[in-house]
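Please look over the sequence and the model before reading on.

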Amino acid sequence: MKLNTTPSRWNFWRLYRLYHKAFPLSEKKPFGVMVQKRKEGSMEIMTAEDDGGNFLGLVITIFHNDIVLLDYLAVSPACRGQGVGSEILRLLNERYEGKRILLEIEDPQEPCNN
């Protein structure tokens, strides 16, 4: 598996669709703003792909000094329960070695429709 910062147009479309399906409206940033921040170098928008380039999930990070915020992580529904999320976290740890990675989680016991 690899994290790709320059995915194919098709995989970027899959990332966009998964982003909109995986997160509730109240938790989503405008996608165009994130693309602009990516161009400015303060965010990364990455696809998780297998060795054949098949889309497995998405990762969106924000940078500030030596801190990396894992803002969004979603695994494609067809790939869930197969260790993809764990492998993404391992790859992020390698990618941002020497930086502090900040994770934000929600209470799994709190009722939610997503």
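Which residues in α1 meet which residues in α2? From α1 come F12, L15, Y16, Y19 and H20; from α2 come F31, M34, V35 and R38. Contact here means heavy atoms within 4.5 Å.

The model is predicted, so local features need pLDDT of at least 70, side-chain atom pairs count only at pLDDT 80 or more, and totals for chains, interfaces and linings use all residues. Residues are numbered from 1 along each chain as its sequence is written, and side-chain values use heavy atoms, with hydrogens and water left out.

**Helix packing**

Two packed helices are described by the angle between their axes and the distance between the axes. Helix α1 covers residues 9-22 and helix α2 residues 31-40. Helices (H or I, at least four residues) and strands (E, at least two) are DSSP runs, numbered from the N terminus. The α1 and α2 axes lie 12 Å apart, at an angle of about 130°. That makes α1 oblique to α2. Oblique is what remains after roughly parallel (under 35 degrees), roughly antiparallel (over 145) and roughly perpendicular (65 to 115). Axes are lines fitted to C-alpha atoms, for helices over the stretch in contact, and angles run from 0 to 180 degrees between N-to-C directions.

**Salt bridges**

The whole structure has six salt bridges. Each needs a side-chain nitrogen of Lys or Arg within 4 Å of a carboxyl oxygen of Asp or Glu. Three of them are listed here.

| Pair | N to O distance |
|---|---|
| K37 and E40 | 3.5 Å |
| R95 and E44 | 2.7 Å |
| R90 and E87 | 2.6 Å |

K37 and E40 both sit in helix α2, three residues apart, about one turn of the helix. R90 and E87 are separated by about one helical turn because they are three residues apart in helix α3. Salt bridges with shared partners join E87, R90 and E94 into one network.

Is E44 buried or exposed? E44 is buried, because its relative accessibility is 16%. Buried means under 20% relative accessible area, exposed over 50%, partly exposed in between (1.4 Å probe, protein chains only). R95 is partly exposed at 38%. K37 is partly exposed too, at 34%.

**Loop residue S76**

S76 lies in the loop between β4 (67-75) and α3 (84-95). S76 is buried, with a relative accessible area of 14%. Neighbours within four places in sequence aside, S76 contacts L18, F55, L56 and G57.
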